[in-house]
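I opened this notebook to keep track of what I looked up in one structure, entry by entry. The sequence and the model come first, and my notes follow.

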Amino acid sequence: MKRWLSTFLVTVLGVSLLAGCSAGGSEAGGSGEQIQLELFSNKSESIDTYKQLIEQFEEKNPNINIKLSAPPEAETVLKTRLTKNDLPDIISMGATQTYGELARAGVLKDFSDYKKLETIQPAYVKMIGKVVGPDKEGVFGIPYATNANGVIYNKTKFEKLGFEIPQTWDQFISQLEKAKQAGEIPIYFTLKDPWTAMVTWNSLGANLAPDNFAQLKNQGKATFQEEYKDVAKHFLQLLDYGQKDVFGVGYGDGNKAFANGKGVFYLQGNWAIPEIVKANPDVKLGMFAFPATNNPEKNRLVSGVDVLLTITESSDHPEAAKKFIDFMLKKETAQKYTDEQAAFSAVKGVFQKDKTFEDIKTNFENGTITGFPDHFYPAGLQAANLVQAFLIKKNTEQFLKKMDTTWNKVLER
């Protein structure tokens, strides 16, 4: 267990006991008491949507005020705040390693008996359970929005070049070469921000490496050096089709550049689409699953729980916090979030209807979906930084060895 988490647990347990003695059960804003809640989100893209939804909620619940916090590097900020006993009431975050660690540490509410859990697609409840692991029973978050990791494309350029959706790796490379010969930037990269490298890394790793790689790695039965050679090779090949300053552009600037015609393809998730459209409302976009292999039947869309909602054990107002989650799970609320965030919903009966996603609709319908490999990496691995360094140095053997040794060191701490 990480040192910060150990320290945090000591303080949280103490505060929880005090809260249990002093809260006295005044809850949910029904008594006239003014309740202040903090909603902590790790997604900058959803700030405007959350502000609107909070306003709607507060109109119906005038005794409950919600402060939204969505800082840059949110999970790092969250960890720092946890060690300082400065917990938010409600957390909105992805099913990441941090979520798994928090759940295993017992700092999140168990929603096993929450009635509205029945309104959530069971597959996503199962998915977040895998992140927590088999040693901790319970449901410590409510899956809310799901995502898709793949290839976004500029439809206007795509059609001008006479392209069709590539079904294989070779077809994709052929299109990149044709785009390059036509004077276009085939792929617009944003590798100044290390996390954006993980979009491609996950798309390749999920389809080229074993599904249970992390489990095998932890058991000493697999290594990056054995299983990720093709992933590294493919990623380096893609760099040949990027703009000149692939490491000089960050996510925000990349969204704007792609929105305004730089690049035919953009290796990102659906979460980037609202930002791209915001930068250029007239841009026409499409998205397809990453054709990582030369066998179309083996190419799966990487999808995971992009947003789950949970309540911390130390919240003084868990019933009021749950009331907000009840509001978020209403179909009309979930539909608004889904539409504005170009997301997919974990709430039953709520669908994504945007034509941008026509090309990945079949993946959801026929189940050709797989999860994010890095959601099962140990948090201390800092894979994004290692992958970024690899792409700069281009030494595959040294990089894969570094991934193995760093992983092992993290487990031994």
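The entries below go from the ground rules to strands, aromatic rings, a helix and cavities.

**Entry 1: ground rules.** I am working with a predicted model, in which local features need pLDDT of at least 70 and side-chain atom pairs count only at pLDDT 80 or more, while totals for chains, interfaces and linings use all residues. I number residues from 1 along each chain as its sequence is written, and side-chain values use heavy atoms, with hydrogens and water left out.

**Entry 2: the open sheet.** I took helices (H or I, at least four residues) and strands (E, at least two) as DSSP runs numbered from the N terminus, and I let two strands pair if DSSP finds at least two bridges between them. I then found an open sheet of six strands with mixed pairing, in the order S2-S1-S3-S9-S4-S10. Strand S2 (64-69) and strand S10 (344-345) are at its edges and have a single partner strand each, so one side of each lacks a neighbour in the sheet.

**Entry 3: strand S5.** I next asked how many residues of strand S5 (residues 149-154) are buried. Six of its six residues are, where buried means under 20% relative accessible area, exposed over 50%, and partly exposed in between (1.4 Å probe, protein chains only). S5 runs antiparallel to S6, joined to it by five bridges, and Gly-150 stands opposite Gln-268 in S6. S5 also runs antiparallel to S7, here with four bridges, and Ile-152 stands opposite Met-287 in S7.

**Entry 4: aromatic rings.** I counted rings of Phe, Tyr and Trp (its six-membered ring) as a pair if their centres lie within 6.5 Å, with planes under 30 degrees apart called stacked, over 60 edge-to-face and the rest tilted. The structure holds 31 such pairs. I looked at Tyr-50 and Tyr-337, whose ring centres are 5.9 Å apart and whose planes stand at 55°, so this pair is tilted. Because Tyr-50 lies in helix H2 (residues 47-60) and Tyr-337 in helix H15 (residues 331-340), the pair ties together parts that are 287 residues apart in sequence. Both Tyr-50 and Tyr-337 are buried.

For Phe-172 and Phe-290 I noted ring centres 5.8 Å apart and planes at 75°, so this pair is edge-to-face. Phe-172 sits in helix H7 (residues 169-181) and Phe-290 in the loop between strand S7 (285-288) and strand S8 (301-302), which links parts of the chain 118 residues apart. Both Phe-172 and Phe-290 are buried, and they belong to one aromatic cluster together with Tyr-153, Phe-158, Phe-163, Trp-169, Phe-265 and Phe-288.

**Entry 5: helix H14.** I checked which residues of helix H14 (residues 318-328) are buried, and found Ala-320, Ala-321, Phe-324, Ile-325, Phe-327 and Met-328. They are on the same side of H14, because they cover an arc of only 155° around the axis, the arc being that of the directions from the helix axis to the C-beta atoms.

**Entry 6: cavities.** I used a 1 Å grid over the protein atoms alone, on which a cavity is a set of points where a 1.4 Å probe fits but cannot get out, and lining residues have an atom within 4 Å of a point. Grid points are joined across faces, edges and corners, and a volume is the space filled by probe spheres set on the points. The count is two cavities of 30 Å³ or more.

The largest cavity has a volume of about 70 Å³. Helix H8 (197-208) and strand S6 (265-269) each supply at least two residues of its lining, and S6 gives the largest share, three residues.

Terms used. 1 Å grid on protein atoms, 1.4 Å probe; cavity = no way out; pocket = protein on both sides within 12 Å on 5 of 7 lines; lining within 4 Å.
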